[in-house]
Amino acid sequence: MFERQRDISSSTNHTAEGFAAFFQQKTDDIRATAIGSRPQPVFSQSAASLVAFTPCTESEVRRIIMTSPLKSCSLDPVPTFLLREFIDLLLPYVTRMVNASLSQGRLPVSQRHAIIIPRLKKPGLDTADMAIYRPVSNVSFASKLVERAVAIRLHCYLNSNDLLPSCQSAYRKNHSSETALLRVWSDILNAADQRQVTLLALLDMSAAFDCVDHDLLLQRLQLVFGLCGAPLEWIRSFLSDRTYQLAYGGDLTNTYLLRYGVPQGSVLGPLLYVLYTAEVCHVVECHSLCFHLYADDTQIYTSVAVSDITSAVHCLAACIADVNN
């Protein structure tokens, strides 16, 4: 990966500090468009609550370690393969470390640092354009280990209480881009069989993960999903006082504070983003339209008789305006 990065950097004038400034300015500009906007009211509040994380057993921690990708980060004190090699010796200490974090509702500050690497969104694009790169965070294996333990418990709680958006296909077991495509395509074909036409809007958010507002996320986790006590405090800790450095072309920037966003490349970031944007489902439902989501991609559609096309266009436009708000 670093060889490839050096090859790209040698053919462009990009620098690590330049990328850091570009990504920061991009998110600042996007968030500036929402200055003065008021948060939408909470549509629903959870009757269930998650007040504490169950502790991990040594067998669970072993399973997480042995099934995790065999990758190491420059922040890791030892390579991941060494941790696996001496797992029998280290397992009791690692398990205690994970359970201390879960019970105290705190991720150590040392594990809230990331090395960000700019990566091309798609191969074959113009590498001279910074806009076609996304900032991917490399975090320590210890952070990912605790994050996986938290993610397992959150998924169990959310699934058992039916709190995950039913029409969100990203970052969920037995859901994928294929299930999202099949759902929308099936609805369109069924409408065609009934001699209806379908109006479809495809929405995509810019710098979606990087613009998440931490205060709004924590508020929604508490009110909409019932998180409180140590679980809520753990996520507050995970989001707070995060720092990063950007690596590119063999150079490393100064350390910066992450003021908003969830780290792309972390274990928990994608799930937190799905919960953060779950209210979009309620906004669309208020307009009685069909929809399906995959991460930050939203498909909103309606099928009507040809004679009702004009009213359908107005309804969809009103829905998009509300989603934008």
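1. Cys228 has a relative accessibility of 24% and therefore counts as partly exposed, where buried means under 20% relative accessible area, exposed means over 50%, and partly exposed lies in between, with a 1.4 Å probe and protein chains only. The closest cysteine sulfur to that of Cys228 belongs to Cys156 and lies 16 Å away, which is too far for a bond.

2. On provenance, this is a predicted model, in which local features need pLDDT of at least 70 and side-chain atom pairs count only at pLDDT 80 or more, whereas totals for chains, interfaces and linings use all residues. Residues are numbered from 1 along each chain as its sequence is written, and side-chain values use heavy atoms, with hydrogens and water left out.

3. Cys156, for its part, counts as exposed because its relative accessibility is 52%. Its sulfur is 12 Å from the closest cysteine sulfur, that of Cys56, and this is too far for a bond. The structure as a whole holds zero disulfides, a disulfide being a pair of cysteine sulfur atoms within 2.5 Å.

4. Strand β4, residues 243-248, is mostly covered, with five of its six residues buried; helices (H or I, at least four residues) and strands (E, at least two) are DSSP runs numbered from the N terminus. Two strands are taken to pair if DSSP finds at least two bridges between them. Strand β1 (residues 113-120) runs parallel to β4 and is joined to it by four bridges, with Ile116 standing opposite Leu246 of β4.

5. The other pairings of β4 listed here are antiparallel: two bridges link β4 to strand β6 (residues 256-257), where Leu257 is the bridge partner of Thr243, and two bridges link β4 to strand β5 (residues 251-252), where Leu252 stands opposite Ala247. The hairpin of β4 and β5 has two residues between the strands, and in this hairpin Gly249 takes a positive phi near 60°.

6. Val313, found in helix α12, counts as partly exposed because its relative accessibility is 40%.
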